[in-house]
Amino acid sequence: MMIARNRILLTLFVFMWGMTLTHGQNFIGLHKDNIAKVLRQDHPDFRIDNSSVNNTYKYLKFIDSVSEQTILFFLSDDDMCTYVRWISDYANLNDMIGMLNRTYKKNGEKSWTYSHDGKHYAVTLEEEEWYFTVNIRKE
């Protein structure tokens, strides 16, 4: 029962997150203060995680402990989002691929594109040993 409920919540989350990116707010180009507000408003299950610090990159890290997902928003020197990386457990892979196929224009086995406000973005899925990532960046 608990697994079925978590699966439904995950599917709903994946769908809503994809809709936010394409039909609502595009995080790339937003100031870090706005990223936190939009994410908190649209996805209250995600919370900021300051438990680890990487001095090489400037980023915001949000985690969702329910479905074991992390979203990293990489920032420019002036705190604007330049790149989004969504890291997830393989239990979410099929739902993620389904959302990507429904939401974006597929242009390869593991790549998609979309446009927002006249700008073009690339979405790629990378499979690692223990997790997969979805990367979103301006083309």
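**Legends to close-up views of a predicted model**

**View 1. Overall content of the protein chain.** In the protein chain, 45% of the contacts with a separation of 6 or more are between residues 24 or more positions apart; contact means heavy atoms within 4.5 Å. The model is predicted: local features need pLDDT of at least 70, side-chain atom pairs count only at pLDDT 80 or more, and totals for chains, interfaces and linings use all residues. Residues are numbered from 1 along each chain as its sequence is written, and side-chain values use heavy atoms, with hydrogens and water left out. The secondary structure comprises three helices and eight strands, where helices (H or I, at least four residues) and strands (E, at least two) are DSSP runs numbered from the N terminus. Along the sequence these elements follow the pattern α-α-β-β-β-β-α-β-β-β-β. Of the 139 residues, 45% count as buried, with buried meaning under 20% relative accessible area, exposed over 50% and partly exposed in between (1.4 Å probe, protein chains only).

View 2. Eight strands make up an open sheet with antiparallel pairing, in the order β1-β2-β3-β4-β8-β7-β6-β5. Two strands are taken to pair if DSSP finds at least two bridges between them. β1 (47-48) and β5 each have a single partner strand and stand at the edges, so one side of each is left without a neighbour in the sheet. Helix α3 packs on the sheet and touches β3, β4, β5, β6, β7 and β8. The direction of α3 makes about 160 degrees with that of β7; axes are lines fitted to C-alpha atoms, for helices over the stretch in contact, and angles run from 0 to 180 degrees between N-to-C directions. Seven bridges hold β3 and β4 in an antiparallel pair, and Q69 stands opposite S88 in β4.

View 3. Strand β5 (residues 105-108) runs antiparallel to β6 and is joined to it by three bridges. In this pair, K106 has W112 of β6 as its bridge partner, and two residues lie between the strands of the hairpin. β6 pairs with strand β7 (residues 119-127) in the antiparallel sense over six bridges; S115 stands opposite H120 in β7. The β6-β7 hairpin also has two residues between its strands, and D117 in the turn has a positive phi of about 55 degrees. Between β7 and strand β8 (residues 131-138) there are seven bridges, again in an antiparallel arrangement. L125 stands opposite V134 in β8, and the β7-β8 hairpin has three residues between its strands.

**View 4. Surroundings of S111.** S111 belongs to strand β6 (residues 111-116). Its side chain makes a polar contact of 2.7 Å with the side chain of N107. A polar contact is a pair of N or O atoms within 3.5 Å; within protein, one must be able to donate a hydrogen and the other to accept it, and residues adjacent in sequence count only if both atoms are side-chain atoms. Apart from neighbours within four places in sequence, S111 contacts K105, K106, V123 and T124. N101 is ten residues from S111 along the chain, and their C-alpha atoms are separated by 9.5 Å.

**View 5. The largest nonpolar core around V134.** A nonpolar core is a set of buried Ala, Val, Leu, Ile, Met, Phe, Trp, Tyr and Cys residues joined through side-chain atoms within 4.5 Å. The largest such core has 29 residues, of which F27, I35, F73, L100 and V134 touch the most other members. Two or more residues come from each of α2 (32-42), β2 (59-64), β3 (69-75), β4 (81-89), α3 (93-103), β6, β7 and β8. Leaving out residues up to four places away in sequence, V134 touches V84, R85, W86, M96, L100, V123, T124 and L125.

**View 6. D49 in the loop between β1 and β2.** D49 lies in the loop that connects β1 and β2. D49 counts as buried because its relative accessibility is 12%. The side chains of D49 and S51 are joined by a polar contact of 2.7 Å. Not counting residues up to four places away in sequence, D49 touches K61, F62 and I63.

**View 7. Aromatic ring pairs.** Rings of Phe, Tyr and Trp (its six-membered ring) pair if their centres lie within 6.5 Å; planes under 30 degrees apart count as stacked, over 60 as edge-to-face and the rest as tilted. This rule gives eight aromatic pairs. Y57, Y59, F74 and Y83 are linked into a cluster by ring pairs.
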